[in-house]
Amino acid sequence: MAGPRSVRFDPATESRLESFVSRRPGLTRSSAAALLVEEGLRMDAHPGVLFRDGPAGRRAVLAGGPDVWEVVQAIRSARQAEPGLTSQELLALVTETAAVPLRLVQVAVSYYADYPDEIDDLVDGADRAEADAARAVQRRRDLLGA
């Protein structure tokens, strides 16, 4: 059951929380604390996952590697290109082509299994952006005749 909770932070933590909020318009101290607790619990459940801000917003990333959604997108692309691969062969292919260690690819798969809507939204957004960019390139070529 969600509801108000009283949490006390030491002064140094309170200062870092204020700094976190000040860099993110629209967040309150309460929403920032809830976000950071949720992310901390996800990182605890999925060692190797971190969270980072970026153009697509705050998202799950692999420690020392790409975003989780990028690994999921690579797995989907590999599956589409090579539908006959076993799951182990698929993981090996993605590990090799994406230059991401197998352990981190498996972490991404595990995270996706728990948060598919979040990752699907990011993959869909990237796919739309790629399609938009391709259409813009084609319009330039059409206009310039090249």
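Trainee: Why are H1 and H2 called roughly perpendicular to each other?

Mentor: Helix H1 (residues 11-22) and helix H2 (residues 29-45) pack at an angle of about 100°. Angles of 65 to 115 degrees count as roughly perpendicular, while under 35 is roughly parallel, over 145 roughly antiparallel and the rest oblique, so H1 and H2 are roughly perpendicular. This is a predicted model, where local features need pLDDT of at least 70 and side-chain atom pairs pLDDT 80 or more, whereas totals for chains, interfaces and linings use all residues. Residues are numbered from 1 along each chain as its sequence is written, and side-chain values use heavy atoms, without hydrogens and water.

Trainee: What makes Asp67 count as buried?

Mentor: Buried means under 20% relative accessible area, exposed over 50% and partly exposed in between, with a 1.4 Å probe and protein chains only. Asp67 has 7% relative accessibility, so it counts as buried. You will find Asp67 in the loop between S2 and helix H3 (68-81).

Trainee: Which residues is Asp67 in contact with, leaving aside its neighbours within four places in sequence?

Mentor: Those are Arg59, Ala60 and Val61, where contact means heavy atoms within 4.5 Å. The residues of strand S2 (residues 59-62) are buried too, with Arg59 and Val61 pointing one way and Ala60 and Leu62 the other.

Trainee: How do you know that strand S1 (residues 49-52) and S2 pair?

Mentor: Two strands pair if DSSP finds at least two bridges between them. S1 and S2 have four bridges, in the antiparallel sense. Leu50, for instance, stands opposite Val61 in S2.

Definitions and conventions. Axes fitted to C-alpha atoms, helices over the stretch in contact; angles between N-to-C directions. Helix = DSSP H or I, 4+ residues; strand = E, 2+ residues; numbered from the N terminus.
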